[in-house]
Amino acid sequence: MMDDTHENLTDKKVWGNYYKWKNTLNVVNKFINRYFFDAEIIDVKSRFLKSDSPKNLMEMGVGGSVWFPFFVKKFGHRAYGIDYLQIGCDFAIEKLKKEKIRNFEIYYGDFFEYYKILQDKMDFVVSFGVVEHFNPPTKAIKVFANYLNDDGIMINTCPNTGGFAMHLQKYFDKKVYDNHLRFTLKDFIRYHEECGFDVIHASYTGFLSFNNLVFSNYSLAGRVSKIFIKLINAPIVCVFYWVKRVLNINFSSKFFSSIMIVVSKKR
């Protein structure tokens, strides 16, 4: 039986700095991430988020997310999001409005508590880089389940914290490295199963991608470094993605892939 204690590996200051820093790279991120680094993630998520009619889609920790408005617009879902920083909520609203999305609700609050007052249940609950900031991750996954209806689907995505890119992060910016719990895809699957979910898809993606490296503690130098790495790394990631897609060769790797994704449903 799981208890209710957990260790939060980040705090509001960390996320506030991250949101401000990330927002300055929006122009670069919107194109390069969508068509290069995250193309494989889009393929996987689209398979499960596609629906014949609009559904309730909620992102946990929605602040700064570029994929929330993308998937809402792509499939016409009703948009719900929650973040415990006002700046995160403001960024989410700004992105939704830029995409001319009007049917949304963004909640300013702690997702560990907000489900107690939220009336609506979700058909889809997604997260992009959230659960790895909690020790153990089951605490976040267990709470996410409270937002999901009985037939809903949960999609959790996080960096491959045991992979090569995260090992490099330790040398580039150890503060960021220490904010992440290390685990494998096998562990990620087990966390969901321990929380009462059946895993219907699990995979590593982003072979040889270094897009997850973060330099937010280095101000302008960090931004320049991030853009430089993106431009150099994007063609490499793109080649492996298209070889996999066209020739059906699986390049996923426990060590060299940068992302883990798990799709699950309640038992």
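Seven strands form an open sheet in this predicted model, in the order β4-β3-β2-β5-β7-β9-β8, with mixed pairing. Strands count as paired if DSSP finds at least two bridges between them. Strands (E, at least two residues) and helices (H or I, at least four) are DSSP runs, numbered from the N terminus. β4 (104–108) and β8 (197–207) stand at the edges with a single partner strand each, so one side of each has no neighbour in the sheet. On average, neighbouring strands are turned by 15 degrees against each other, direction ignored.

Now look at β7 (residues 148–159). β7 pairs with β9 in the antiparallel sense over seven bridges. There, T157 stands opposite I261 in β9.

Helix α5 (residues 86–98) touches β3 (78–83) and β4, and its direction makes about 170 degrees with that of β4. Contact means heavy atoms within 4.5 Å. Angles run from 0 to 180 degrees between N-to-C directions, with axes fitted to C-alpha atoms, for helices over the stretch in contact. Helix α10 (residues 185–194) lies across β7, β8 and β9, and runs at about 155 degrees to β8.

I249 sits in the loop between α11 (219–247) and β9 (257–266). Its relative accessibility is 36%, so I249 counts as partly exposed; buried means under 20%, exposed over 50%, partly exposed in between (1.4 Å probe, protein chains only).

Residues are numbered from 1 along each chain as its sequence is written. Local features of this predicted model need pLDDT of at least 70, side-chain atom pairs count only at pLDDT 80 or more, and totals for chains, interfaces and linings use all residues, while side-chain values use heavy atoms, leaving out hydrogens and water.
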